[in-house]
Amino acid sequence: MSSARALFASTLVVSLALSQGPPSNGPAAADLRYHALRGAAVVVKPGQRIENATLVIKDGRVVSCSAGAAPPDGARVHDCTGLTIYPGLIEPFLAIDVPAPDADAPNVHWHPSVLSQRDPLAADGASKQDRELLRSLGFCAAAIAPIGGNFKGTGAVVLLDEPTTGHKAQVVRAESYHLCSLSMRFGSHPSSEMGAISLVRQVLADANWFASSEAVLTADRSASGQRPSANAALAMLSSRRTLPLMFDCDDELQILRAARIAAEFDRPMVAIGSGMEFRRAQAIALAKVPVIVPVHFPEAPDVATIGKQQRVSLRQLQTWEQAPTNLRRLLDEGVKVALTTARLQDKKDFRTNLADALAFDIDRDQALAALTTTPAEILGCAQDLGTLENGRIANLVVVDGDLFDPKARIDAVFVAGNRHEIEAKKAKGLDGTWTLTVQLDPKVEVALAIDNGAIKATIGDRNPKVTNAAVTNERVEFAITDEALGTGATWVRARTSTDASLTGTAHAATGTYAAAAVRSKPAGDEQKGGKSDKDAPEEPTETGEKKDDAADRPVIAPLATPLGGYGVLAQPPARDVVLQNATLWTSGEQGTIPLGALWVKAGRIAYAGPREGLPPDASKAETIDATGKHITPGVIDCHSHTGISRGVNEGGEAVTAEVRVQDVVDPDDVNWYRQLAGGVTAVNQLHGSANAIGGQSNTVKLRWGSSHPDAMWFHGSVPGIKFALGENPRGANGGGNGRYPSTRMGVEALIRDRFLVAQDYARRVASYEALPPRDRARTLPPRRDLELEAIAEILAGKRRVHCHSYRQDEIFMLCAMAKEFGFRIGTFQHVLEGYKVAEAIREQAIGASAFSDWWGYKFEVYDAIPDNGAILREVGVCVSFNSDSNEHARRLNTEAGKAVKYGGVPPAEALKFVTINPAIQLGIDAQVGSLERGKDADFAIWSDDPLSYAAVCESTWVDGAERFSLARDRELRATIKIDRERLLRKALAAGGKKGKTAKNDERDAYWAAEDLTASYCCRDCEGVR
Amino acid sequence: MNAPCTTVVTLVAILAATATLAPRASAQDLLPKGAPEARAVVLQNAIVHTMDRGTLIGGTVWFQDGILRAVLSPGEKLKLPDGTEALWIDATQKHIYPGLIAAHSQLGLIEVGAVRQTVDTDELNDQSPEAIARTAFNPDSAAIPVTRTNGVLVACVFPIGGELPGRASVMQLDGWTNADMTVLGEAGVVVDWPALPDPISRRGRNLRRQGPPGLPGAALVTAAGDDRDPEAAVKKERQRLDETFARAKNWHEQKASDANTPPDLQAQALGAALRGERPVFVLADDLEEIESALSWTQSRSLRTVLVGGRDALLCIELLRERDVPVILTGVHKLPARDDGDYDTAFALPAQLAAHGIRFCIATGEEFAHERNLPYHAATAAAFGLDRERAMAAITRDAADILGVGDKLGTLTVGKQATLLVTDGNPLDLTTKVERAWIGGREVDLRNKQTELAKKYRQKYAQLPPAK
């Protein structure tokens, strides 16, 4: 860190004083920035407006502003009568190219995406084009920041002035924020969003370590322990703790994810939004994250043909329709909002798009604040920017009318007192239609149409040839050839006498004659005043469009969560209800009860048993007759990849224990709803199997419609982690790309290595923590390593391994290793040759979680047998059947039925394969998995024997609330039909601009596809050739 | 006359003996094939599901030389010709069904999905009508007995890949050679109708899965290899396909008038389809695909069977008007669209039935999981399809659509004796297939997996009991 830069950061220097510049080349011009703007209405700040004000600025700062005051002597007076002056707008995010530091430099971070030290002031700054463009929109200052990487560098607030000699960027604040993102790099690390989050988390932890090491070393240069090596990125992050992390977010869920990390490290945070925040406005408000909102709206989906209509989802249509409501919805929820021109394909659309957003009855003061005071506050420049109070930098926008009317002319902006004309008041040109009378005998009348220097003439029904036309604002000359004027050309010269008349002469072959012209205006044009004739013809269409817009504008009504056909407006309530006379498959000690009663109260099971035993208290509850129905505990899927945003594998490294699936729960995945329709109430979300030691798994409840993704987490579940053995971590079926390991021997060695290193790590951490406080102050702390921390948790029995495995030798290997390292494995997943080593699994693992009858897709599953589950159970292993597929997940009840078919497992025991057994494996059996008093009321109601294909799931409950029912599903289908119909018509009317659809949904769809095509993520792509 | 039980017991004993001699856990099917049966076989007092004239409770089935000779109601008396040596089997309480037919499969062409060397589905060129499935059908594939165990006794095997992958063959799942197993070698020409990648799954059905997976978008390369302008690529592929048929037609015309016309194997391969003797099996799912595909087959006067048919409901009138039958490739499928009813695929068969469309049900699951065929039909039944019709969709209707209705699909005199004896309805998961005959030869219902289960149960019998 250069000392010059540190100075900027600490003193908020505004480098305006000329004395700082180089010696002038010749006589020096005086800096005469002393202006008085008189007669305008001045909006000093949102909510404070002074009519007929005199605004005085000097030396680049506001000196005074008061109504009717006389301009001070010496000030240059500008007559601004009829104009409105606003504080200059602030662009909080202007991306610029800044070269990355040399990868071989001694103080760079090892990861090429960690570039926190990158200084936007070290590069060219905002381009001239950007400066001009932003000024033309009323912006006077912008935070420039580098692009690329996860930690991209700092944001610097600069004035959008034109540089003078020696003053390139006029800096308001050299360091305003740390720009970050959760972006990924294909074919590299991080290759998934969860990988990116883990990287961000580790870097922030490293920054903390850097700071605490620094503190120890400051106190005692000879402190013992491992010293951090020089690292510019970490130094920047550790020394500038109060600067907000500015997360550039691709979608609304990323905002919530970034907010969680920022909170974890007690860092202030701001999000740069995608424009789709309205889909989760409430959760964003609760996270208390200020959002920098773009006014970029998706174009209407192309729905020109029925085929194309089929390819558009209701969610896409709704997103398209609702995008302009984004700002309004965020403001309604109380989110702190600043606006940005970022993400617009063409920044010139900013004012028009903003007007579309403001059309939803948004208070103009709120809008102005979002462009001035709020960004100033976010950027830490509120003392210098954002208002026209005395002492602020004299950034102002002078508007002929309302700033928020996109048609209103921006006259000029002042940047630190320097005036930049934007659009001068248009002189009344000669464009328009005229009637020219030439005093020949008889008089000749010529109709002239003057348009931007071109002249068309009409005499009677003739269009005579006009040449040599020369038109200025004051005069017109041309040659015209027409029989009425005589032979040859007649030269006409005329100049304005009044606004509406011209006088001059016509030199015809026969002599010179007086000529005069008057404007022939369409009726009513006069009233419009101020508008040039050129604008006039467009006006009726515009008003017409405006009216249509208003009619088409969506009403601000609550939106379903998630947006799309099956979302909910509010979470369903937990009910107090008794389900009578159904067959209860308890998966508990009571077995199967033919005529049972299930009493659900406050989200828990208050009674489950024979109907005769129902406690009298239950009589107050609502009663549902479930005669002929079957009720089972909610189905639990022990191997799922549903609802994991952007990448199921972090394949960028061989060991990714630091990666957490819980960071990327996608509550929008419609498969949650579909799985509820199959009786599923909880799943184990697993990392893919590309890594011998993969990421941490996450258990969720299917609380469909949760406003925050984390609300789906199953609290109290035992933490898990994915391991993988065999072909996939070897990269045997493609995707190997030279990464260790490439044999089962290497897989063993890699896991052993990590276990040993994690043991050593845990020992070092423990010995540091055991130090008495005095010694600790003189000892450098061990670096927190999130990967080793997770692996050490396995060895300490706090984290369960869920191990992708097929062949008996690899299963046996991990059992032996677990024994050696003294921990119990959670589950073997797939474990298709588990039947060959069932006794080893029984001894060393909590359970085995398999497919019912899947096989043949690759060589290591060639010996898979459908009796696997039954044999494992016979030997004493706790067995579950899982889906590993969005489709199979909906039919796990019949997958369990296959344990009856193959191997003769008794039906009630077979059902346990998808209820209590996976609950035991995931450590949630105290809460769910059986119908027993005190457990969570998570259950499903079936039309028939749940193990048979005749069974249809009729209703599914989570936490005592009904989340799916056939009746509700029918209603939703009807609503979807109506909504789609309406929106398709609307999109058709909008012209269905070709080829473009809601940007975010394109991306969503891309990622959905990515999950399917990437290898080793689920059974649907296992062994894909 | 009734002495069947002893026969059954004997048979089981023989099979058990064979098993002990067989090497364990091999990659190949080591079971003996069904032995020819010289005797008449008579299944008595059974619940006979004829699939064409209802269920005969207490009925009798007689077959000999591989052909059904009599299917009788309880009232009817069986008269065997004098001197006939017969095997009488008491099937009281048992059900008899025609063998189940997997109508769209890669069984026998793939041994291990991920091992390229064991996959014989996809010839190099995008157009390879000369390829015919029966040629590469491996009679000893371990997947065949696995499939058979659950009553699936016949499969129509489709080559895949490119827009003209080859010709499909109807194979019966027992025999020493693939010649023995061929029911109809040339069932029809497969056309994988060129289409855009599916909007939701982004998986074009006819995309070639080339190169290692894992790179984003890698699978989106269309058969024409052009992923930059997929619409243009699709158009090009369709033109190329039509050109091939035009050329073949021309070749046959020339050949008819000039015997010295040079050979053209591809044109020759399309002959039966061009003459209308065999259908084209057109793979199409999306509405636009189906409409354009049917319009093309109409323009070339090709007999058409639609394979896939996901959006069939959206073009019911077209299907009815052209009388196009549909092979539904899987009931256990997700809706293709986010807004789709969760049970779109589950309920489709019932809806097609209600609209009078001819269809049969396949699994859509390549090769290893054909044993689940009855459960696809069962799910269709749970979602509104009549159970009898659901059984027909995996027997009679499949046979008819595949062009083998004269030999298979129902228990009708004169058809092949390819049938099952079960303890219940095959749509029910716990139903066990107890015996089965293919072309009159009783087949071994064990498989590699049943034997591995036995082997490892022995292992645990040897271990001391758990603490």
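Trainee: Let's start with one residue: is S587(A) buried or exposed?
Mentor: Keep in mind that this is a predicted model. In the model, S587(A) is buried, because 25 other C-beta atoms lie within 10 Å and 20 or more is enough to count as buried.

Trainee: OK, and where does S587(A) sit?
Mentor: S587(A) is in the loop between β25 (577–585) and β26 (592–601) of chain A. Its phi is near 55°, a positive value in a residue other than glycine.

Trainee: Switching to peptide bonds: which one is cis, with omega near -5°?
Mentor: That's the bond from H189(A) to P190(A). P190(A) lies in the loop between β9 and α3 (193–219) of chain A. There's also a cis bond joining D441(A) and P442(A), with omega about 0°. P442(A) is in the loop between β17 (432–438) and β18 (444–451) of chain A.

Trainee: How many bridges join β20(A) to β21 of chain A?
Mentor: Five, and the two strands run antiparallel; β21(A) covers residues 475–481. To find your way, look for T467(A), which stands opposite A479(A) in β21(A).

Trainee: And the sheet with β9 of chain A, what's the pairing there?
Mentor: Mixed. This one is also an open sheet of eight strands, in the order β6-β7-β8-β9-β10-β11-β12-β13 of chain A. Its edge strands are β6 (89–96) and β13 (337–340) of chain A, each pairing on one side only. Neighbouring strands are turned by 30° against each other on average, direction ignored.

Trainee: In which sense do β9 and β10 of chain A pair?
Mentor: Parallel, over four bridges between β9 (residues 171–181) and β10 (residues 245–248) of chain A. L179(A) has M246(A) in β10(A) as its bridge partner.

Trainee: Which helix lies across β6 and β13 of chain A?
Mentor: That's α11 (residues 364–371) of chain A, running at about 70° to β13(A).

Trainee: Helices next. At what angle do α17 and α19 of chain A pack?
Mentor: About 95°, with the axes of α17 (residues 744–769) and α19 (residues 786–795) of chain A 8 Å apart. That makes α17(A) roughly perpendicular to α19(A). Residues that meet there include F755(A) and V757(A) from α17(A), and L788(A) and I791(A) from α19(A). By class, the contact has nine nonpolar, one polar and one charged residues.

Trainee: Now chain B. How many residues of β2(B) are buried?
Mentor: Seven of the ten in β2 (residues 55–64) of chain B, so the strand is largely enclosed by the rest of the structure. Seven bridges join β1 (residues 40–49) of chain B to β2(B), running antiparallel. V48(B) has L56(B) as its bridge partner. β2(B) is also joined by five bridges to β3 (residues 67–72) of chain B, again antiparallel, and W62(B) stands opposite A70(B) there.

Trainee: What's in the hairpins?
Mentor: The hairpin of β1(B) and β2(B) has five residues between the strands, and M51(B) takes a positive phi near 70°. The hairpin of β2(B) and β3(B) has two residues between the strands, and there D65(B) takes a positive phi near 55°.

Methods. Residues are numbered from 1 along each chain as its sequence is written. Chains are lettered from A and ligands numbered from 1 in the order in which they are written. This is a predicted model: local features need pLDDT of at least 70, side-chain atom pairs count only at pLDDT 80 or more; totals for chains, interfaces and linings use all residues. Two strands pair if DSSP finds at least two bridges between them. Axes are lines fitted to C-alpha atoms, for helices over the stretch in contact, and angles run from 0 to 180 degrees between N-to-C directions. Two residues are in contact if their C-beta atoms, placed from the backbone, lie within 7 Å. Angles under 35 degrees count as roughly parallel, over 145 as roughly antiparallel, 65 to 115 as roughly perpendicular and the rest as oblique. Ala, Val, Leu, Ile, Met, Phe, Trp, Tyr, Cys and Pro count as nonpolar, Asp, Glu, Lys and Arg as charged, and the others, Gly among them, as polar. A residue is buried if 20 or more other C-beta atoms lie within 10 Å of its own, exposed if 12 or fewer, and partly exposed in between; C-beta atoms are placed from the backbone.
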